[in-house]
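Subject: Model for you to look at

Hi,

Here is the structure I promised to pass on. Have a look at it first, and then read my notes below.

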Protein chains: 2
Amino acid sequence: MERLPEPQTLADGKFIRLVRRGKWEYASRKGISGIVAIVAVTDDGKLVLVEQDRAPVGGRVIELPAGLAGDDKAHHGEELASAARRELLEETGYEAARFERVAEGPPSAGMTDEIITFFVARGLRKAGEAKGDGSEDIAVHEVPLGEIDRWLADRKQEGRRIDLKVYAGLYFARRS
Amino acid sequence: MERLPEPQTLADGKFIRLVRRGKWEYASRKGISGIVAIVAVTDDGKLVLVEQDRAPVGGRVIELPAGLAGDDKAHHGEELASAARRELLEETGYEAARFERVAEGPPSAGMTDEIITFFVARGLRKAGEAKGDGSEDIAVHEVPLGEIDRWLADRKQEGRRIDLKVYAGLYFARRS
């Protein structure tokens, strides 16, 4: 691409930095080494989704299990596959026998420098309590792939938002 | 969701604002009424993609045709379907007989308040010059759906990034 000037920090929040680079502005997360999203499909063909409050969009969002790699000292320098394993277990209570790295790319390349790595997880086994069990913010859903368009439409009807990465996940779930 | 305090602007760029809301921080685009992405499939089964420089990720990105609605005076209050029609023509030179709204959601709900609306465009007809024709920054690609996984892998090999919304678009292209 054309040669760009160095990035210049316009403002420095606790978690996010506002950056200018040439004529562009964008947001950048601080202190992470990557972001992972997990397309977890059970042996009986259900996609594992999470639902949580998302202040930026002011409501509850249906999403793939996902999270930041290397975002605290305990996870510093963490490999992406390890982060995927950890996030899947923490958010959903599932372990997986196999993680296949299927894609990586920006979710919104005009707005942020985020790059998210997708893993398809197979051979799932319930191994612990999900954050969604109990009073926590995260709810876990297991949705048969054959019924998912209808299920997502029903959730939307109830006022939930559907993260666009869910549809990308469906592409990989059906392809692989 | 839980009750949130009002958003508070931490920093105000030309195009993007850094916002704090409770314990959250996120980036917000200024002065737009929506964002559209277009899954344009030709009658002979090719997906129309664009490729352009994206400073936030420091390189060239393969994406769905997309753009902002209502981002200047000429487009103020623009309907999303009109924005989809305009962006498709401007970026690729294609007009479409039918636009079907298939989804809307956040690309990165923990990071920005962006909500992107997806349209599937069918009945394509080449109606003008794409920005990609000539010396402009945008290149247009028409890729047979049956060969697209291989094509994307080849582009990645060359150092291009693949916007994750391309995979979401493929889900809708194959479903509808």
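In what order do the 4 strands of the open sheet in chain B run? The order is β7-β4-β9-β8, and the pairing is mixed. Two strands count as paired if DSSP finds at least two bridges between them.

Before going further, some housekeeping. This is a predicted model, in which local features need pLDDT of at least 70 and side-chain atom pairs count only at pLDDT 80 or more, while totals for chains, interfaces and linings use all residues. Residues are numbered from 1 along each chain as its sequence is written, and chains are lettered from A and ligands numbered from 1 in the order in which they are written.

**The sheet in chain B**

β7 (66-69) and β8 (94-105) of chain B are the edge strands; each has a single partner, so one side of each has no neighbour in the sheet. Ignoring direction, neighbouring strands are turned by 30 degrees against each other on average. Strands β4 (residues 34-40) and β9 (residues 116-126) of chain B run parallel and are joined by 6 bridges. Within β9(B), Val120(B) is the residue opposite Val39(B).

Two helices pack on this sheet. Helix α1 (residues 80-92) of chain B touches β4, β7, β8 and β9 of chain B, and its direction makes about 60 degrees with that of β4(B). Helix α3 (residues 165-175) of chain B touches β4, β8 and β9 of chain B, at about 55 degrees to β4(B). Axes are lines fitted to C-alpha atoms, for helices over the stretch in contact, and angles run from 0 to 180 degrees between N-to-C directions. Contact between residues means C-beta atoms, placed from the backbone, within 7 Å.

**How the two chains meet**

A rotation of 180 degrees with 0.0 Å of shift along its axis superposes chain A on chain B, with an RMSD of 0.0 Å. The two copies are thus related as by a two-fold rotation axis. In chain A, Ala168(A) has the C-alpha nearest the axis, 2.0 Å from it.

In the interface, 49 residues of chain A are in contact with 50 residues of chain B. α3(A) gives the largest share of chain A's side, 6 residues. That side has 28 nonpolar, 7 polar and 14 charged residues. Here Ala, Val, Leu, Ile, Met, Phe, Trp, Tyr, Cys and Pro count as nonpolar, Asp, Glu, Lys and Arg as charged, and the others, Gly among them, as polar. The copies meet through the same surface, because 100% of the interface residues of chain A are also interface residues in chain B.

**Ala168(A) and its helix**

Ala168(A) sits in helix α3 (residues 165-175) of chain A. Leaving out residues up to four places away in sequence, Ala168(A) touches Leu164(B), Tyr167(B) and Ala168(B). Ala168(A) counts as buried because it has 29 C-beta neighbours inside 10 Å; the cut-off for buried is 20 or more other C-beta atoms within 10 Å, with C-beta atoms placed from the backbone. Of the 11 residues of α3(A), 8 are buried, so the helix is largely enclosed by the rest of the structure. Among them are Tyr167(A), Leu170(A) and Tyr171(A).

Best wishes

Methods: A residue is buried if 20 or more other C-beta atoms lie within 10 Å of its own, exposed if 12 or fewer, and partly exposed in between; C-beta atoms are placed from the backbone. Copies are superposed by least squares on the C-alpha atoms of residues with pLDDT of at least 70 in both.
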